[in-house]
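User: I am new to reading protein models. Could you walk me through one?

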Amino acid sequence: MIIEVASELETKELGKKIAVGLKGGEVFQLVGDVGAGKTTFVKGLAAGLGVDDDVQSPSFTISRMYDARDGLQLAHYDFYRLNDPGIMANELEEMMNDPTTITVIEWADIVEGVLPEGHYTLRFSAPTETTRHIEVSDTLEISE
Ligand SMILES: Nc1ncnc2c1ncn2[C@@H]1O[C@H](COP(=O)(O)OP(=O)(O)O)[C@@H](O)[C@H]1O
Ligand SMILES: [Mg+2]
């Protein structure tokens, strides 16, 4: 299913709606060019998960962790600058296998082989400066 959003706010709202149904243990792969809205989506997802901290792009730090509602945590990765997946492999594996962690990865190509079978892929594209198309798998629950 392709969802069209007309503003940054709508992208965040989509993240919030998806956050409602999350139970922990989910893994999201976000695909799309620089500026497509991946990190913006994660900001909404985090807000919907009750994260109080300001979500910043992990493109320099590679990884950022946030405490979320109900004892959950959000692990946010950006592997754009990562040349050697080896240095992140253990931590990533641990997070993806933790039932209290929701793992979101931007630029996951370098680790694609280790993503769990049930992971969700969201594909972002930017037809205009302010609209975005976000393709989500039909199995993903989006609350009203
Ligand atoms: N509908 C939209 N959804 C998300 N971001 C948008 C939208 N319209 C404009 N933008 C802008 O596009 C940029 C998206 O940046 P970001 O979320 O960091 O992208 P990415 O993480 O994919 O590189 C931001 O500057 C944001 O203000
Ligand atoms: Mg980003």
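Analyst: Start with contacts, meaning residue pairs whose C-beta atoms, placed from the backbone, lie within 7 Å. In the protein, among contacts between residues at least 6 apart in sequence, 65% join residues at least 24 apart. This is a predicted model: local features need pLDDT of at least 70, side-chain atom pairs count only at pLDDT 80 or more, and totals for chains, interfaces and linings use all residues. Residues are numbered from 1 along each chain as its sequence is written, while chains are lettered from A and ligands numbered from 1 in the order in which they are written.

User: How many helices and strands does the protein have?

Analyst: Helices (H or I, at least four residues) and strands (E, at least two) are DSSP runs, numbered from the N terminus. Here there are three helices and seven strands. Along the sequence the pattern is β-α-β-α-β-β-α-β-β-β.

User: Which strands pair with β7?

Analyst: Two strands pair if DSSP finds at least two bridges between them. Strand β1 (residues 2-5) runs antiparallel to β7, with four bridges. There, E4 faces H133. Strand β6 (residues 120-125) is also antiparallel to β7, through three bridges. R123 sits opposite E135 in that pair. Six residues separate β6 and β7, which form a hairpin.

User: Which residues of β7 lie on the covered face, and which on the uncovered one?

Analyst: In a regular strand, side chains alternate between the two faces of the sheet. In β7 (residues 132-135), R132 and I134 are on the covered face. H133 and E135 are on the uncovered face.

Notes
Buried ≥ 20, exposed ≤ 12 C-beta atoms within 10 Å, placed from the backbone. Contact = placed C-beta atoms within 7 Å.
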